[in-house]
Amino acid sequence: MPEITEWRDRLWRYRLVGSKCLSCGARYYPPRNSSCIKCGGELVDVELPRRGKLLSYTVIYQAPGIYRFASPYIVGFIELEDGTRLFAMLTDVELDEVKVGMEVEATFRKLYTYGDSGHIVYGIKFRPLVT
Amino acid sequence: MKPVNGVGIFGYGAYIPRYIIENSSIASVWGKLSTPIKSKTFPSYDEDSLTIAYEACRIALESSGAPRDKIGAIYIGSESKPYAVKPSGTVLVDALGLSRNILSADFEFACKAGTEAIQAVSGLIASGMIEFGIAIGTDTSQGRPGDELEYTAAAGGAAFVLSRASNGVVAEIEASNSYVSDTPDFWRRSGEKYPRHLYRFTGEPAYFHHIITSVKHFFEEYGYSPRDFDYAIFHQPNSKFPQRVAKMLGFTMDQIRPGLLSPIIGNTYSGATLVGLAATLDVSKPGDRILLASFGSGAGSDAFSFVVTDLIEERRAKPPLKSFLERLVTKDYSTYVRYRGKLWV
């Protein structure tokens, strides 16, 4: 039942909730269920900052079926203001506008749907910062 | 209608998608010679009325510092809900981190569902049932390919966190009025993808009759005249109608200019007057009085009077609507058709 699995993951997808190590302060996104990879310390959930900068990116032309409307689309490697690094889809940016180092912020978008009658899966994407 | 206990706007936010299409681009496909506006917004492939509502709400909550655990209602006015059955508020509550002890429902009244939501939340606050509530107008409106509506049906929305005036508000609601009748100007039957309209009913019997009747009754009831208002926002299905109704009611172009966005962004339906209100609050000063008159097909019109307070200076929307207008990028008809999912119709 993948639709139910998606639903169980909704809070960290909706709100950019990650994990923080209580011993060394390392942060992870998506959140980890086990211990800290760096020191073995205990992890707790933490809401991560919404802003960051783009460290690197790639353009996907051969998209899986659920992303056919999006192709070609950009996946970014992003460093948030607190140093957390994560991968996320970029949106609201053209292929000739995307640049390493650009400021980005989290936004809330449709990720994909289970056909015309199934669930709509929402979650975080990143876009160029709007001030 | 006047709340017994003071109610007002604690915080606000507006959002429009990044993409616009020129009317000339649509006209070139369908061979039309004249068009009603210059351009209109449309949602990206990953946007819908719920994601637009989220953006507007987040701006309203973060700009005002409203206490998320005290929001007692979230009502969303829209005629383009992503789910026919499953309120958009259920997703928004978890996405925005609001308290789950909350009233939530989708409202529908064509283009005036958002102002209907403001009325309902105001009543709950004025009665003391809740302390804070959110009212939203949001749409990704539909126009059948080649139909007149395709030139104007746009996307956008605005959210208003309302509270007791005693909590400190950026604009107090002085009074409001609502006027409704059975008018066959525009409708969409259950299960249908696109709305229909009866051409000659759109103007005089629908838009003009309902807005003028609602505003005139509002003026008579509370003793206002156009001179009492610094700004006015009228529903804007195109460029011409809001300017004409303003003139008919005795308002000047200067009064409606800040909130008149349809020439560039099109008709954002449930978002239309509320995005206009947000744009007007972005430039208003303490003491300004604002008239808002929405219109929803079917048909009805809500009229409101707001008075701006000193708190506007510290709680303006960040980012303001202007920031979203500055990032607009023009796309052609083929991209529009693809992003709107019309290739698979």
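Analyst: Begin with how elements are named: helices and strands are DSSP runs, a helix having at least four residues and a strand at least two, numbered from the N terminus. The model here is predicted. In chain B, this gives 12 helices and 14 strands. The radius of gyration of chain B, 19 Å, is close to the 20 Å that the globule rule gives for 345 residues, so chain B is as compact as a globular protein of that length.

User: What box do the C-alpha atoms of chain B fill, and what percentage of its residues is buried?

Analyst: Along the principal axes, the box is roughly 55 × 45 × 35 Å. A residue is buried if 20 or more other C-beta atoms lie within 10 Å of its own. Buried residues account for 54% of the 345 in chain B. Of the contacts in chain B between residues at least 6 apart in sequence, 78% link residues at least 24 apart.

User: How should I read the sheets? In what order do the nine strands of the open sheet come?

Analyst: Two strands pair if DSSP finds at least two bridges between them. The open sheet of nine strands in chain B has the order β5-β4-β6-β7-β1-β8-β13-β12-β11, with mixed pairing.

User: Which strands form the open sheet of three?

Analyst: That sheet has the order β3-β2-β14 (chain B), and its pairing is mixed. Strands β3 (39-42) and β14 (329-330) of chain B are its edges, each pairing on one side only. Between β2 (residues 19-22) of chain B and β3(B) there are four bridges in the antiparallel sense; Tyr19(B) has Phe42(B) of β3(B) as its bridge partner. Helix α1 (residues 23-30) of chain B packs on the sheet, touching β2 and β3 of chain B, and its direction makes about 50° with that of β2(B).

User: How is chain B divided into domains?

Analyst: Domain 1 covers 7-169 + 314-344, and domain 2 covers 171-313. Their C-alpha centres in chain B lie 16 Å apart. In the contact between them, 51 residues of domain 1 of chain B meet 45 residues of domain 2 of chain B. Elements that each supply at least two residues to the domain 1 side include β1, β3, α4 and α10 (312-315) of chain B. The residues of that side divide into 21 nonpolar, 19 polar and 11 charged.

User: How many residues does the contact take from chain B and from chain A?

Analyst: Chain B gives 18 residues and chain A gives 17. Helices α2 (49-64), α3 (88-96) and α11 (321-326) of chain B are the elements giving two or more residues to the chain B side. The residues on this side are seven nonpolar, four polar and seven charged.

Methods
Residues numbered from 1 in each chain as written. Chains lettered and ligands numbered in written order. Predicted model: local features only at pLDDT ≥ 70, side-chain atom pairs only at ≥ 80, totals over all residues. Rg over C-alpha atoms; globule rule 2.2 N^0.38 Å. Buried ≥ 20, exposed ≤ 12 C-beta atoms within 10 Å, placed from the backbone. Contact = placed C-beta atoms within 7 Å. Axes fitted to C-alpha atoms, helices over the stretch in contact; angles between N-to-C directions. Nonpolar A, V, L, I, M, F, W, Y, C, P; charged D, E, K, R; others polar. Domains from an automatic or database assignment.
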